[in-house]
Amino acid sequence: GLGVAQLSAQQPGNSPFQWYVGGHGGIMNFETPVEGRETAPVGGAHLLVTAKRTGLLLSIDQSFGPTQQSGYTLQAFDSTGAFLDQQTIPVSFKYLRQYSAMLLAFPIKGPITPFFGIGVGIQHTGGHTPDDSFSKQIGSTGFGSLLGGINFRVSRLSAFGQYQITTGPSNQFSSVSF
């Protein structure tokens, strides 16, 4: 027969090293140059690895909802660098997806545990129309993030609430020579 050895991180109790896998849902608030501030439902999954009063939170989130409108400006310059023309290209996207890694601190342990964190991530849009390289390039950005929350633990069930603030993308530029 086949068997699996039990890992100490999987054992219930008060070991300083634990890991948790779960799903989560909430809302994401973002802004596009065309539609302004928007709110979309979001769902995702996470892996939390704790050691004493610190932890590492790895998560993936994806927004759901209607297609969002945005756009980018295409400018043409001649070989000397003189401006020739400018055109705004409308773009739409179906979802936002973000991957993040956060270092967490748990200052107080107990059935109700507050936590704070700092981290980084990558966010990108998907389902572009038109599906061109510029849309994909300007729809991807890295971000920094601050997080605060509280965890409620009852027996083997754990529920949490958190608020995460991320930096916004700056203006992005790309050039192509013909």
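Helices (H or I, at least four residues) and strands (E, at least two) are DSSP runs, numbered from the N terminus. This is a predicted model: local features need pLDDT of at least 70, side-chain atom pairs count only at pLDDT 80 or more, and totals for chains, interfaces and linings use all residues. Residues are numbered from 1 along each chain as its sequence is written, and side-chain values use heavy atoms, with hydrogens and water left out.

**View 1. The fold has 1 helix and 9 strands.** Along the sequence, the order is β-β-β-β-β-β-β-α-β-β. The protein has 178 residues, and 28% of them are buried (under 20% relative accessible area; exposed is over 50%, partly exposed in between; 1.4 Å probe, protein chains only). Of the contacts (heavy atoms within 4.5 Å) with a separation of 6 or more, 51% join residues 24 or more positions apart. The protein exposes about 11,900 Å² (Shrake-Rupley method, 1.4 Å probe; for residues, only the protein chains shown count as cover). Carbon and sulfur atoms supply 61% of that area.

**View 2. A nonpolar patch lies on the surface.** Its members are Leu 56, Leu 58, Leu 103, Ile 118, Leu 146, Tyr 163 and Ile 165. Together they hold about 720 Å² of accessible area. Like charges are joined within 9 Å, nonpolar side chains (Val, Leu, Ile, Met, Phe, Trp, Tyr) within 5 Å. Strands E3 and E9 (157-166) each supply at least two residues of the patch. Tyr 163 is found in E9. Tyr 163 counts as exposed because its relative accessible area is 60%.

**View 3. Ser 63 sits in strand E3 (residues 54-63).** Ser 63 counts as buried because its relative accessibility is 5%. A polar atom of its side chain lies 2.8 Å from the backbone nitrogen of Leu 96. Beyond neighbours within four places in sequence, Ser 63 is in contact with Ala 40, Pro 41, Val 42, Tyr 95 and Leu 96.

**View 4. Lys 52 lies in the loop between strand E2 (36-51) and E3.** Its phi is near 55°, a positive value in a residue other than glycine. Lys 52 counts as exposed because its relative accessibility is 61%.

**View 5. The peptide bond from Thr 129 to Pro 130 is cis.** Omega is near 0°. Pro 130 lies in the loop between strand E7 (112-126) and helix H1 (133-138). Most residues other than glycine have a negative phi, and most peptide bonds are trans.

Definitions and conventions: A polar contact is a pair of N or O atoms within 3.5 Å; within protein, one must be able to donate a hydrogen and the other to accept it, and residues adjacent in sequence count only if both atoms are side-chain atoms. Patches are made of residues with over 30% relative accessible area and no salt bridge: like charges are joined within 9 Å, nonpolar side chains (Val, Leu, Ile, Met, Phe, Trp, Tyr) within 5 Å. A salt bridge is a side-chain nitrogen of Lys or Arg within 4 Å of a carboxyl oxygen of Asp or Glu.
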